[in-house]
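This report covers the salt bridges, the sheet and the nonpolar core of one protein model. The sequence and structure come first.

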Amino acid sequence: MIGVAQAKYVTGYRIWLEFNTGESGEVDLSDVVNIFPVAESLKDIERFKAFALDDWPTLVWPNGFDLSPEMLYERATGK
């Protein structure tokens, strides 16, 4: 099962991710904050930067928004 091992803010809506597979890459989530209504508040960069890793483990934000680790893996690695 894919999981996010580490996540670091880069710039804008970009986050660097390392997965439990040892692979890593950057994801641009600018489209995500514009598609999902629940992510509306994340258009504020300071709120976007407030992500954390949960027990799944994947990215979560204080407003309750999260993204599947599989989707993040696909975006970061192209696999």
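Arg14 is partly exposed, with 29% relative accessible area; buried means under 20%, exposed over 50% and partly exposed in between, using a 1.4 Å probe and protein chains only. The model is predicted, so local features need pLDDT of at least 70 and side-chain atom pairs count only at pLDDT 80 or more, while totals for chains, interfaces and linings use all residues. Residues are numbered from 1 along each chain as its sequence is written, and side-chain values use heavy atoms, with hydrogens and water left out.

The side chain of Arg14 meets that of Glu26 in a salt bridge, at 2.9 Å from N to O. The pair ties together parts that are twelve residues apart in sequence, because Glu26 lies in strand β3 (residues 24–28) and Arg14 in strand β2. A salt bridge here is a side-chain nitrogen of Lys or Arg within 4 Å of a carboxyl oxygen of Asp or Glu. Strands (E, at least two residues) and helices (H or I, at least four) are DSSP runs, numbered from the N terminus. Glu26 is also partly exposed, at 35% relative accessibility. A network of salt bridges links Arg14, Glu26 and Asp28.

## Other salt bridges

Six salt bridges are found in a search of the whole structure. One of them joins the side chains of Glu23 and Lys79, with 2.5 Å from N to O. This pair links distant parts of the chain, 56 residues apart: Glu23 is in the loop between β2 and β3, and Lys79 is in the segment after α3. Glu23 is partly exposed, with a relative accessible area of 21%, whereas Lys79 is exposed, at 59%.

Lys43 and Glu40 form another salt bridge, in which the closest N and O atoms are 3.5 Å apart. Lys43 is partly exposed at 36% relative accessibility, and Glu40 is partly exposed at 45%.

## The sheet

Three strands make an open sheet in the order β1-β2-β3, with antiparallel pairing. Two strands count as paired if DSSP finds at least two bridges between them. β1 (4–11) and β3 are the edge strands, each pairing on one side only. From one strand to the next the twist averages 25°.

Six bridges connect β1 and β2 in the antiparallel sense. Lys8 has Trp16 in β2 as its bridge partner, and Thr11 stands opposite Arg14 in β2. The two strands form a hairpin with two residues between them, and Gly12 in the turn has a positive phi of about 55°.

## The nonpolar core

The largest nonpolar core has 21 residues, of which Ile15, Leu29, Trp61 and Leu72 touch the most other members. β2 (14–19), α1 (30–35) and α3 (69–77) each supply at least two residues of this core. Such a core is a set of buried Ala, Val, Leu, Ile, Met, Phe, Trp, Tyr and Cys residues joined through side-chain atoms within 4.5 Å.

Which residues does Ile15 touch, not counting those up to four places away in sequence? They are Ala7, Lys8, Val10, Gly25, Glu26, Val27, Leu29, Phe48, Phe51, Leu59 and Trp61. Contact means heavy atoms within 4.5 Å.

Notes: Axes fitted to C-alpha atoms, helices over the stretch in contact; angles between N-to-C directions.
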